[in-house]
Amino acid sequence: MIFDDLRAIQLRHGFLPKAELESLSSRTQTPLYQIHSVASFYPHFHLAPPARAEVRVCADMSCHLNGACELRAEIESRFLNARSSEVEVRDVSCLGRCDHAPAIAVNDRIFTAVSAERAESLIRAALRGEELHDDHPQHARVTCASDPYPDAEKYGVLRALVATKDWDRLLALLKEAELRGLGGAGFPTSMKWDLVRKQPVAEKYVVCNADESEPGTIKDRFIMTHLPHLLVEGMILAGVVTGAKQGILYIRHEYHLQEEILGEEIRRAYRAGLLGKNILGSGLEFDLRIFVSPGGYICGEESALIEAIEGHRAEPRNKPPFPGVVGLWQKPTVINNVETFINVPQILARGVDWYKAAGRGGSRGLKFVGVSGHCARPGIYEVPLGVTMREVLFDHAGGVRNGRTLKAFAPSGPSSGYLPASLVEVRLDFKALADAGSMLGSGAIVVCDDTTCMLDMALNAIRFYRNESCGKCVPCRVGSQKMVDLLLRWTEGGLPDSQYRADLALLDELSLAMSQASICGLGQIVPAPIQSVLKHFRAELDAHILHGKCPSGICFSAASRAGEANRVGIRP
Ligand SMILES: Cc1cc2nc3c(=O)[nH]c(=O)nc-3n(C[C@H](O)[C@H](O)[C@H](O)COP(=O)(O)O)c2cc1C
Ligand code: SF4
Ligand code: FES
């Protein structure tokens, strides 16, 4: 409830005045320090009055590759003389519009493929007090191969299941299909659901993780826009199978359109008797509501997400116990990614044999991938799991744009690290990508052409983690800053050989400490971008560090030499 109160106060005042927080504290008998600790944690709450035009420029991978640094510098120069109470320009983490980069937010409204001219006119409109409206790319509903009901009545699997109530068969089919979580970790879904089902507790929950905040990750946005009925059906199936009577769809703050679409779908499902106290007259019940995230990448980590729903700071819990045993409100909780949920009705409607045949080379099912960065046709593509990266990048996403050549790609945002073009035949598959030293992750493919500086990209990725670290544990909080400092120094070049060797040893020690001692996956994965660059692009690092040369001409530009660029990546 605390978020509703804080949002209401912010809506009235534009920020959270101290007096209002004090009054909330006495009204709700909550210590002020607790309210303050929550309000100060989330990026969408303001403790001081914001500027009339609050401008946030996405600084992460896909936007970085599409001119975000220049855009920010240009916006700043156009409003050089504006008072800070009028215009404030800041970086922001990925806004979930990586396929339409560069993206910016003005007064919390999101705009895509923004030029400096457009940014200026939006800011001037905000200064005049005009109401701004989000850009809504890809609104028109498209037909997807994943939809088992293109023409037939929707929710067919649920209708059949509430008649038979054969939960064992459903779990057996998911097990036979070998459905794995598609939010990043790849945990077997049938095991998770079975664990929750077996808990001898009446109160259980189903949570959908639609937080999707890792740079490059945009597939859930697409799924929620085009297949909302499959997501709602998947969540109801999880509820009736595990005995959970309440579902929560946790969606990122920046997905206003998808929130509307899903809200409509949920209302439709209630009207059709598919949700509520007596589903289709079966005596089964399941209620579903939407929870809008107060913001932050860490909220996607499942236990941090649970903490956020409970109204706390989104700090990950120590595990075990896992959410399947001790989850939301300390009760057993199924928590799955959007795409995992939509796979369940697909498998049950079409059969395990269809699911096996839908993938390639032994992989199973279809996969939505987001492709962004330097590709000709950035977007979301639905492909058989197991296709090669080459097919995705060249046949679907149109190859590298402007006739340039492929230098590297991140198979799944910063956490997958970067692979060189020579590995473009790697298959899009859990094992194939793990064998290549990367991961399938959430399918957030970021393309880098031959003008890209890989040290700059490693630093960009690690800055993202540094910015998004929740700060709860030392290895991640301190380690991510140390790693940024180290790489920043490398971009300045001219280190003696002995210092370079000492830095490399320190980097390895730091990487080990972070991957082994961080509480959650965020801190554990921070070293991946630079370790992958060390493995595949070592000569490029040597050129920077030992010879003061950036082969791509990015790190030693006049701008960065002049110290203008604590924000590395200002292109000449
Ligand atoms: C820092 C961090 C962020 C994450 N963000 C997401 C996210 O946005 N969406 C998601 O489904 N999983 C995310 N995960 C993974 C979840 O913790 C969890 O494994 C997943 O929701 C489980 O669903 P699945 O089994 O269907 O993949 C994140 C993990 C970490 C460590
Ligand atoms: S690893 Fe980082 S994000 Fe995770 S709990 Fe520790 S400080 Fe927070
Ligand atoms: S919107 Fe900028 S990286 Fe995703």
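These legends walk through several close-up views of the predicted model above.

Residues are numbered from 1 along each chain as its sequence is written, while chains are lettered from A and ligands numbered from 1 in the order in which they are written. Since the model is predicted, local features need pLDDT of at least 70 and side-chain atom pairs count only at pLDDT 80 or more, whereas totals for chains, interfaces and linings use all residues; side-chain values use heavy atoms, with hydrogens and water left out.

**View 1. Ligand 2 and its surroundings.** Ligand 2 is surrounded by 13 residues, where being near a molecule takes a heavy atom within 4 Å of it. Cys470, Lys472, Cys473, Cys476 and Cys520 are the closest of them. Sorted by class, this shell holds eight nonpolar, four polar and one charged residues. For that sorting, Ala, Val, Leu, Ile, Met, Phe, Trp, Tyr, Cys and Pro are nonpolar, Asp, Glu, Lys and Arg are charged, and the others, Gly among them, are polar. The space that ligand 2 takes up is the largest cavity. A cavity here is a set of points, on a 1 Å grid over the protein atoms alone, where a 1.4 Å probe fits but cannot get out; a molecule sits in one if more than half of its atoms lie within 2 Å of its grid points.

**View 2. Strand 1 and its two partners.** Strand 1 covers residues 53–58, and six of its six residues are buried. (Helices, H or I with at least four residues, and strands, E with at least two, are DSSP runs numbered from the N terminus; buried means under 20% relative accessible area, exposed over 50%, and partly exposed in between, with a 1.4 Å probe and protein chains only.) In a regular strand the side chains alternate between the two faces of the sheet. Here both faces are covered, with Ala53, Val55 and Val57 on one side and Glu54, Arg56 and Cys58 on the other. Six bridges tie strand 1 to strand 2, and the two run parallel; strands pair if DSSP finds at least two bridges between them. Cys58 sits opposite Val92 in strand 2. With strand 3 there are three bridges, and this pair runs antiparallel. Look for Val57, whose bridge partner in strand 3 is Ile104.

**View 3. Strand 11 between covered neighbours in the pairing.** Strand 11 spans residues 406–410, and five of its five residues are buried. Four bridges connect it to strand 13 (residues 444–449) in an antiparallel arrangement, and Ala408 faces Cys448 there. Two bridges link strand 11 to strand 12 (residues 419–420), also antiparallel, with Phe409 opposite Leu419.

**View 4. Helix 13, tucked inside.** Seven of the eight residues of helix 13 are buried, so the helix is largely enclosed by the rest of the structure. Those residues are Ser303, Ala304, Leu305, Ile306, Glu307, Ala308 and Ile309. They pack against helix 1 (2–13), strand 5 (205–210), strand 6 (246–251), strand 7 (287–292) and strand 8. Glu307 has a relative accessible area of 15%. Setting aside neighbours within four places in sequence, Glu307 is in contact (heavy atoms within 4.5 Å) with His312, Arg313, Ala314, Glu315 and Arg317. Just after the helix, Gly311 takes a positive phi of about 90°.

**View 5. Glu265 in helix 12.** Glu265 belongs to helix 12, residues 256–271. Its relative accessibility is 4%, so Glu265 counts as buried. Leaving out neighbours within four places in sequence, Glu265 is in contact with Tyr155, Pro228, His229 and Val232. Glu265 and Leu231 are 34 residues apart in sequence, and their C-alpha atoms are 9.6 Å apart.

View 6. Most residues other than glycine have a negative phi, and most peptide bonds are trans. Ala101 and Pro102, though, are joined by a cis peptide bond with omega about -5°; Pro102 is in the loop between strand 2 (87–92) and strand 3 (104–106). The bond from Lys319 to Pro320 is cis too, with omega near -5°, and Pro320 lies in the loop between helix 13 and strand 8 (333–337). Asn107 has a positive phi near 50° in the loop between strand 3 and strand 4 (109–111), and is partly exposed at 32% relative accessible area. Glu178 has a positive phi of about 60° in the loop between helix 8 (167–177) and helix 9 (189–198).

Technical notes. On a 1 Å grid over the protein atoms alone, a cavity is a set of points where a 1.4 Å probe fits but cannot get out, and a pocket is an open set with protein on both sides within 12 Å along at least five of seven lines; lining residues have an atom within 4 Å of a point.
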